[in-house]
Amino acid sequence: MSPPVEPLLSIPGVALDAERLIALREMAVERELTAPPAAIPGGFLSKRRGSGQEIADTREYVAGDDIRHLDRGSTARTGVLHIRRFQEERDRVSFLVLDLRPSMLWGTGRAFRSVAAAEALALIGWRAVEEGGRVGLVTLGAGGPEIVGARGRTRGMLGVIGGMVRAHRAALHAAMASGEDEEEPELAAQLLSLERIAPRGAEVLIASGFDSSGSGLAARLGELAQKRHPFLLEVADRGPGGLPEGRYPVRLRSGVVRMLRVSGSSPGPAAPEGFPHVMIEAAAPLEQTARQLYAAWGR
């Protein structure tokens, strides 16, 4: 007789716990923060010239320039009218993409890969809102997508966490109800909606194992990179310290036992090359993940 489903889906590391994700705020902000100059919008300088307050450079005046931007110093030194150009201030949006396809719903150590992915995104999200940015969310996989629009401050992050928890619970139930031979949707196709959902100029942080990615994933990310900034968080699972090489029995939901072969060699990254990328281990302590993320992107 099969055990009841609900207790299994409530086991820590299998279930995604909202309180735990909220508690990650302390870990995310424990490093010294540089206070943003203002709350949203306009908290961050972009590379574009625009109407901010930070001076980018000066150049000679041309017809049509705003006379209010004349630079007296350069004009006096050169005898030619010069104007100041300013750095455009823009809102920073971190758009989180949580892969909850069936290939993410397993793990051999501390947590499922899906849970480790959500924790990593929560660390990034908390850091982003503490720095004055906004966070949004889209989940991939069964029971979704769960879409949360980009918002700032603690309220915005709580909305993202709520979306993660709902989508994760739905994905677990969908996986338990689906057939074992059901084909997993390709990641490239699942990312199509980002062009419509993620704001232009946003950082798009994709947490996935990059299984069944599809042959068009690199091209899809390239298209996304034209107007947004994709970052890849590859979530691997090699067990606590790496399982010894060998064959292991795995019991499927139907009761059938199959042998799983574990190789001693590392499979290497599965994510496409050419994009900012960091690999995290689902079984690793969260403090290690936080240090990796901070080293990679200062988050």
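**Note on the predicted model**

1. Arg 153 counts as exposed, because its relative accessibility is 57% (buried means under 20% relative accessible area, exposed over 50%, partly exposed in between, with a 1.4 Å probe and protein chains only). Although Arg 153 is not a glycine, its phi is positive, at about 60°. The residue belongs to helix α5, residues 153–177 (helices, H or I of at least four residues, and strands, E of at least two, are DSSP runs numbered from the N terminus).

2. The structure is a predicted model, in which local features need pLDDT of at least 70 and side-chain atom pairs count only at pLDDT 80 or more, whereas totals for chains, interfaces and linings use all residues. Residues are numbered from 1 along each chain as its sequence is written, and side-chain values use heavy atoms, with hydrogens and water left out.

3. The mean pLDDT of the protein is 81, and 77% of its residues reach 70 or more (pLDDT is the predictor's confidence in each residue, from 0 to 100). Over residues 32–45 pLDDT stays under 50, and the model has 31 contacts for them beyond four places in sequence (contact means heavy atoms within 4.5 Å). Where pLDDT is low, the predicted coordinates should not be read in detail.

4. Helix α5 has 25 residues and spans 37 Å from its first C-alpha to its last, close to the expected 36 Å (1.5 Å times one less than the number of residues). Its buried residues include Gly 156, Met 157, Val 160, Ile 161 and Met 164. The buried residues of α5 pack against α2 (18–29), β4 (93–99), α4, β5 (134–140) and β6 (147–152).

5. Met 164 and Leu 233 touch the most other members of the largest nonpolar core, which has 49 residues (a nonpolar core is a set of buried Ala, Val, Leu, Ile, Met, Phe, Trp, Tyr and Cys residues joined through side-chain atoms within 4.5 Å). Helix α4, residues 113–130, gives the most to this core, with twelve residues. Another core, of 19 residues, lies apart from it and includes Leu 140, Leu 187, Leu 224 and Leu 232.

6. Phe 210 also has a positive phi of about 60° without being a glycine. Phe 210 lies in the loop between β7 (203–208) and α8 (217–225), and it counts as buried because its relative accessibility is 4%.

7. His 229 is placed in strand β8, residues 229–236, and counts as partly exposed, at 44% relative accessibility. Its C-alpha is separated by 4.6 Å from that of Glu 203, 26 residues apart along the chain. Not counting residues up to four places away in sequence, His 229 touches Gly 201, Ala 202, Glu 203 and Val 204.
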